[in-house]
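Hi,

Here is the structure I said I would pass on. Have a look at it first, and then read my notes below.

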Amino acid sequence: MFSTADADEPFTRWEANQRLAYVTLDHACSVTRYRCDNIVVPQVRESTQLGRMGARGIYQGGMTLWIDANLTQPQRQLTIFHETVHYLQFEISGADFLIASKCLLEYEAFEMTNLYVDLMGYGDEYKRTLETWKRLYRC
Ligand SMILES: [Zn+2]
């Protein structure tokens, strides 16, 4: 039998991630200047495997963004932001997303996420350098 959620009950991890996804989508639309009129909030799912693969997040098309289950704030929000940029690239470019250069897509996500770090006031230690982008994505 399903229980009724109590109003004072703390958010589940899923709810917390969805709230973050909602806010972050709004921010991502603003930072990228993509038209987001018909874009719905993506699902955020966590995986313990991503961290082991050396990744913080992954987006492979569709409605779901995956993030490493062990991320803490603000890295959690920045990773959701980064994957949301990919989600917008996919939603807005459609089939072109699949044939676009991975370097180009990652460069945009990298650049937008660095801008977002500034907008949120998180500090330069959360920014990625051009060298990291080159190394991570072999660009
Ligand atoms: Zn990326």
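Before the notes, one term: I call two residues in contact if their C-beta atoms, placed from the backbone, lie within 7 Å. Please also keep in mind that this is a predicted model.

Let's start with the helices. Which residues of helix 1 meet helix 3? On the helix 1 side they are Leu20, Ala21, Thr24, Leu25, His27, Ala28 and Thr32. Facing them in helix 3 are Arg76, Gln77, Ile80, Phe81, Thr84, Val85 and Leu88. Sorted by class, this contact between helix 1 and helix 3 has eight nonpolar, five polar and one charged residues.

As for how the pair is arranged, helix 1 covers residues 13-32 and helix 3 covers residues 75-93. Their axes are 9 Å apart, and the helices pack at an angle of about 60°. That angle makes helix 1 oblique to helix 3. The crossing of helix 1 and helix 3 is right-handed.

Phe81 is worth a stop on your way through helix 3, where it is found. Is Phe81 buried or exposed? Phe81 has 27 C-beta neighbours inside 10 Å, so it counts as buried; the cut-off for that is 20 or more. If you leave aside its neighbours within four places in sequence, Phe81 is in contact with Thr24, His27, Ala28, Thr113 and Tyr116. Phe81 and Asp26 are 55 residues apart in sequence, and their C-alpha atoms are 9.9 Å apart in space.

You'll find an open sheet of three strands in the order 1-3-2, with mixed pairing. Strand 1 (43-47) and strand 2 (57-59) stand at the edges, each with a single partner strand, so one side of each has no neighbour in the sheet. From one strand to the next, the twist averages 25°.

Here is how the pairing goes:

- Strand 1 pairs with strand 3 (residues 64-68) in the parallel sense, over five bridges. Two of the bridge partners to look for in strand 3 are Thr64, which goes with Gln43, and Ile67, which goes with Glu46.
- Strand 2 pairs with strand 3 in the antiparallel sense, over three bridges. Ile67 in strand 3 is also the bridge partner of Gly57.
- Strand 2 and strand 3 form a hairpin with four residues between them. In the turn, Gly61 has a positive phi of about 100°.

How much of strand 3 is buried? Four of its five residues are, which leaves the strand mostly covered. Helix 3 comes back in here too: helix 3 packs on the sheet and touches strand 1, strand 2 and strand 3. The direction of helix 3 makes about 150° with that of strand 3.

Asn38 lies in the loop between helix 1 and strand 1. Asn38 has 6 C-beta neighbours inside 10 Å, so it counts as exposed; the limit for that is 12 or fewer. The C-alpha atoms of Asn38 and Ile92 are separated by 9.8 Å, although these residues are 54 residues apart along the chain.

Best wishes

Technical notes:
Residues numbered from 1 in each chain as written. Predicted model: local features only at pLDDT ≥ 70, side-chain atom pairs only at ≥ 80, totals over all residues. Axes fitted to C-alpha atoms, helices over the stretch in contact; angles between N-to-C directions. Parallel < 35°, antiparallel > 145°, perpendicular 65-115°, else oblique. Left-handed = near helix turned anticlockwise from the far one by under 90°. Nonpolar A, V, L, I, M, F, W, Y, C, P; charged D, E, K, R; others polar. Pairing = 2+ DSSP bridges.
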